[in-house]
Amino acid sequence: MAVRDHADVSATSGGIRTHTNYLGWLESVHPAYWLLAILLLFMPAFAGSFWLFQVWGWAFILGTIALSLMFLAGYGGMVSLVQMTIAGLAGYMVAILGASGVSGISMGWPQWVAVPIAIVVAAIFGTLVGALAVRTRGIYTIMITLAVAAGFFYLTRQNYTIFNGYTGFGGIQPPHLFGVNMRQPVHFYYLSLACAVLSFLAVVYVSRSPFGLALQGIRDNPRRMAALGYNVTAHRIAAYTFASVIAAVGGILLTWQNAQIAPASVGIGPVIDILIIAIVGGIGHPIGAFIGAFIYVILRLFSPDMLMALGLPGDRFRTLIGLGFLLIVFWSPDGVLGLWQQLKERMRDNAGFTGLGGAGER
Amino acid sequence: MNVSVAERLHATGTGSALELRGVTRMFGALAALVDVTMTIEPGERRAVLGSNGAGKTTLFNCITGDFFSTSGTVRLFGEDVTHFPAHERIRRGLRRTYQISLLFTGLTVLDNVYLAVRGVSRGRFSLIRPRRSEALMQSAVELIEAVHLTDVRDTKVSELAYGQQRQLEIALALAGAPRLILFDEPAAGLSPTERSELVEILTNMPRHIGYIIIEHDMDVALRVAERVSMMHNGRIFKEGLPEEIESDPEVQELYLGGGHG
Ligand SMILES: Nc1ncnc2c1ncn2[C@@H]1O[C@H](COP(=O)(O)OP(=O)(O)O)[C@@H](O)[C@H]1O
Ligand SMILES: [Mg+2]
């Protein structure tokens, strides 16, 4: 799983991977991933509640939602602005079906019922949006999905019977697993980490399955894929379904983390933020979504202090994020992953091809 | 379009491999294909000749569904496929190659062929990674052998020589159980040795597989085809045995004599 930035089929998928040898697969994992895994696993030993819950928890959640966009954009060539909306719908479903402070609407069903239904509803919604969007390309896909996102935002704000309008839902019951309140920082850290890792592995695995490979073939050459017997439209729609499930997981976690969901959570701001996260991290590889999310969260949480230290208004964090976005995209269209790749190549050139690539390089 | 299995079997048993009736294709005001009527019997091998811009590639595009015809009907193995999308026609045993290779250049030869084999079988949406021992993987390996690409099986397509890429185009068209293959200038740009290899691949194909081949090189075309159709300005103006076509004065004038190529 070496980090790569190229966006052609081979680089993003490694092609068809046959799994005959699991030890071989383990060996092929880049050492950096082992280091990261150990670091993340033992994080609660040295990080405080704020870092576990606010920083890492949030980064895992936003990374998961951005990952769903990375899957569509990186493997499918479809830039969807509706991922945050799908996530938000799943969050709303948990609030409506489960227990919240708005007892007039919330149905109070147990979580093990509400959560699966929320994911299914979000997946159906995402599939329908996909069916609408896949007939368009490029800028038109962006416009259609943005229109759906805007429509959903206004719907939640104006509809009081289902979405409780402007106020949305507060006091949402925290997640419980085996009777344990999973919203406690350490628990929530592990819950969001587990969801992020599972989503990540699912995307990596599926990218090299026949479905994932076909999706990338369609991205590169839809006409040839049709001439090989593939239903291009159906594959694209199925990609939306798969991405919706991942976005829904992120959306439910986000709702639990905030213990609330409101129209502001699915406004145009958050919708665009997901795009920025995915692009800043780099859509050439699934890990980019999480890198982008971590950078975003750090900027969001710490830029007000930094700005105020400079004598500027603290609420200008969006300006800062926008500037960072511009700088990164200007220097590297492949995001931070692309920067890293450029750096590595420069180092390799300087070292005269002495094999600085690392053992995990394939 | 709900045809019963019995009806379909009946149609398949009696129908021609391909039947075009009055197929016309307009590009704006330009008529690239004008009222083309053509019948190919199962297992038949046909060459289509004609100067550049005659409409040969457009003819292929209308047969496969890459483009829809503006008017006329297309029947494949007795079934009306005029309004079927490309992938539905491919799944009925139609295959094609492209004049300008359309390959997945970032993938290896094996992965390209695997995609082709998978495209005409079940499990296109499978989320399970394939195994080396899988039947589809095996047939991909065999196809690669059939087009003499075993040595470069795990090489990225972008690193292949031109001739090898043309051979890979053919391998993709042979995937699954083809019944009618459309070859669009497969010999263009090949060396004499590669040309005779191509002729060998074509003539050694199982007899039940029919094909239409677009070919500028008369020598190649006449060696691999049983019948020849001549195209000019979007029309088929002559059809016959290779000998007849070669000696036809109109053909001599239009194609073989002056404006060759
Ligand atoms: N996609 C297209 N759009 C517009 N015109 C086209 C298109 N494809 C082909 N044509 C035109 O149709 C005519 C026939 O082209 P083509 O079928 O490619 O000829 P051939 O393969 O016999 O050389 C040409 O005049 C060409 O310019
Ligand atoms: Mg042509």
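Reader: How much area do domain 1 of chain B and domain 2 of chain B bury between them?

Author: Please bear in mind that this is a predicted model. Buried area is the accessible area that two parts lose on being put together, summed over both. Here the two domains of chain B bury about 1,200 Å² between them, with 63% of it on carbon and sulfur atoms. On the side of domain 1, B:R91, B:P178 and B:I201 supply 39% of the area buried against domain 2, more than any other three residues.

Reader: Which parts of chain B make up domain 1 and domain 2?

Author: Domain 1 comprises 1–93 + 178–261, while domain 2 covers 101–177. Their centres, taken over C-alpha atoms, are separated by 24 Å. Across the boundary, 19 residues of domain 1 are in contact with 15 residues of domain 2.

Reader: Which residues of the shell have backbone atoms close to an oxygen atom of ligand 1?

Author: A polar contact is a pair of N or O atoms within 3.5 Å. A polar backbone atom of B:G53 is 2.8 Å from an oxygen atom of ligand 1. For B:A54 a backbone N or O atom lies at 3.2 Å from a ligand oxygen, and for B:K56 the value is 2.8 Å. Taken alone, ligand 1 exposes 550 Å², of which the protein buries 62%.

Reader: Which element gives the largest share of the shell around ligand 1?

Author: That element is α2 of chain B, with 3 residues. The shell as a whole divides into 5 nonpolar, 6 polar and 1 charged residues; among its members are B:F27, B:T57 and B:F67.

Notes
Residues numbered from 1 in each chain as written. Chains lettered and ligands numbered in written order. Predicted model: local features only at pLDDT ≥ 70, side-chain atom pairs only at ≥ 80, totals over all residues. Heavy atoms only, no water. Near = heavy atom within 4 Å. Polar contact = N/O pair within 3.5 Å; in protein donor to acceptor, adjacent residues only side chain to side chain. Areas by Shrake-Rupley, 256 points an atom, 1.4 Å probe, with all protein chains shown as cover. Helix = DSSP H or I, 4+ residues; strand = E, 2+ residues; numbered from the N terminus. Nonpolar A, V, L, I, M, F, W, Y, C, P; charged D, E, K, R; others polar. Domains from an automatic or database assignment. Contact = heavy atoms within 4.5 Å. Buried area = accessible area lost by both parts, 1.4 Å probe.
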